[in-house]
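Reader: I'd like to learn how to read helix packing and ring pairs in a model. Can you walk me through one?

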Amino acid sequence: MATTRDIAQTETTDTPQRKTPRILAVDYGRARIGLAIADSDTRMAQPLSTMERINRNEDLRRLRELVREHGVKQIVVGLPLRLDGTRGEMAEEAERFAQRMRKQIGVPVEMADERLTSWEAERLLEEMQGRFIHSEKLAGGKKTKKPQAKMTVDAVAAAVILTEYLQRQAFEEPEGK
């Protein structure tokens, strides 16, 4: 399970000279798509944004642009399995969306089990918001705008998916690598 330490709480900055390949996580939903990103070297997942769905073609166009802008070399799409591990309607939809991404964006796309990631994201957001409330009290009640305050459950869920995926990858890699 991811912790707040595992999910970086800094905004992503990008330059065209970026050399480190990046991994994009997608938390697919019918209304919104949560996005998170990580450098393949640092393996630190960061919530990126939440994309409101428009239609399939426009969504894929925006994702293609984002992949190009951020130098993404791999995409991980959350697979919303049921708690018993079986596939439901949303898992089938997410799989079809991943196949379209694979064809239209042209980078490798993997599916990753995302059971309970939205629940975990809500827990992490509540924990972060508690910290904001505590820091506001210490600051004399002045509300400070922080980038983390804008994070949505969808983007944090994508970061949880990516964090867990990266942890599995590190565990599965041979020691000589």
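Author: The chain has four helices and five strands, taken as DSSP runs numbered from the N terminus (helices H or I, at least four residues; strands E, at least two). This is a predicted model, where local features need pLDDT of at least 70, side-chain atom pairs need 80 or more, and totals for chains, interfaces and linings use all residues. Residues are numbered from 1 along each chain as its sequence is written, and side-chain values use heavy atoms, leaving out hydrogens and water.

Reader: At what angle do α1 and α2 pack?

Author: Two packed helices are described by the angle between their axes and the distance between the axes. Here α1 (residues 56-70) and α2 pack at about 55°, axes 10 Å apart. The axes are lines fitted to C-alpha atoms over the stretch in contact, with angles from 0 to 180 degrees between N-to-C directions.

Reader: Which residues of α1 and α2 make the contact?

Author: With contact meaning heavy atoms within 4.5 Å, α1 brings R56, L60, L63, R64 and V67, while α2 brings F97, R100, M101, Q104 and I105.

Reader: And how do I read an aromatic pair?

Author: You describe a pair of aromatic rings by the distance of the centres and the angle of the planes. Rings of Phe, Tyr and Trp (its six-membered ring) pair if their centres lie within 6.5 Å; planes under 30 degrees apart are stacked, over 60 edge-to-face, the rest tilted. That rule gives one aromatic pair. The ring centres of Y28 and F97 are 4.8 Å apart with planes at 35°, so the pair is tilted.
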